[in-house]
Amino acid sequence: VTEIGYAAFYYCTSLTSVTIPDSVTTIGEEAFYDCDSLTSVNIPDSVTDIGESAFYSCASLTSVTIGNSVTKIGDWAFRYCYSLTSVYCKATTPPSLGYSNVFDNNGSGRKIYVPSGSVNAYKSAAYWSKYASAIVGYDF
C-alpha cells in the first residue's frame, strides 16, 4: 500500500485507531473524513502529502504526529477536530499549508510542536504564522 485513497475511510464512525504503514507516501483527500471515534494518528516519515480534508471533523482526535517527510498539508486537513490538543510536526522545513484554516476549530489550548531549531521558520511561514502563538519547540 503506497496511498490511502480519496475517502477511503470516509465516515467510518466506529474507527478508533489506525496504523498507517511505512510504505504509504500519500494520504488522500477526505481519507478519514468524519471518523469521529478516531483518537490519535501517527503519520509515518514515509508520507509526503496529506490531502485536503484528510482528517476533517475527527471529533475525538486528541493527538497527531506528522512525519518528517511531509511537504504538503491540504486545506482543512485537521479542521473541526474539536478534541485535538497536540500536533507534533517533525519536519524541519515547514510543510506548505493549503490555506490558513488547516488547524481551525481544534481543542482549547492546542499546541503545535515542531523541531526546536525550526520554531522561527514555522512562525514566519505562509499560513503557519496564523498559529504562531500555538507553535512550541520540541526535541524529537
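Where is aspartate 104 found? I located aspartate 104 in the loop between strand E8 (96–97) and strand E9 (111–115). I note at the outset that this is a predicted model.

**Entry 1: aspartate 104**

I then examined its side chain. I found a polar contact with the side chain of lysine 130 at 2.9 Å, and another with the side chain of tyrosine 131 at 2.8 Å. Setting aside neighbours within four places in sequence, I list Phe78, Arg79, Tyr80, Lys130 and Tyr131 as the residues in contact with aspartate 104.

**Entry 2**

I traced E8 into an open sheet of five strands, ordered E1-E2-E4-E6-E8, with parallel pairing. Strand E1 (3–4) and E8 are the edge strands, each pairing on one side only. The partner I recorded for E8 is strand E6 (residues 72–73), joined in the parallel sense over two bridges. Here isoleucine 73 stands opposite leucine 97 in E8.

**Entry 3**

I checked the burial of E9: four of its five residues are buried, so the strand is largely enclosed by the rest of the structure. I found E9 running parallel to strand E7 (residues 86–89), with three bridges joining the two. E9 also pairs in the parallel sense with strand E10 (residues 135–138), over four bridges. Isoleucine 112 in E9 stands opposite valine 87 and opposite isoleucine 135 in E10. Finally, I followed the chain through E9, helix H1 (residues 119–124) and E10, which make a right-handed β-α-β unit.

How values were computed: Residues numbered from 1 in each chain as written. Predicted model: local features only at pLDDT ≥ 70, side-chain atom pairs only at ≥ 80, totals over all residues. Heavy atoms only, no water. Polar contact = N/O pair within 3.5 Å; in protein donor to acceptor, adjacent residues only side chain to side chain. Contact = heavy atoms within 4.5 Å. Pairing = 2+ DSSP bridges. Buried < 20%, exposed > 50% of the residue type's maximum accessible area, 1.4 Å probe, protein only. Right-handed = clockwise from strand over helix to strand, strands pointing away.
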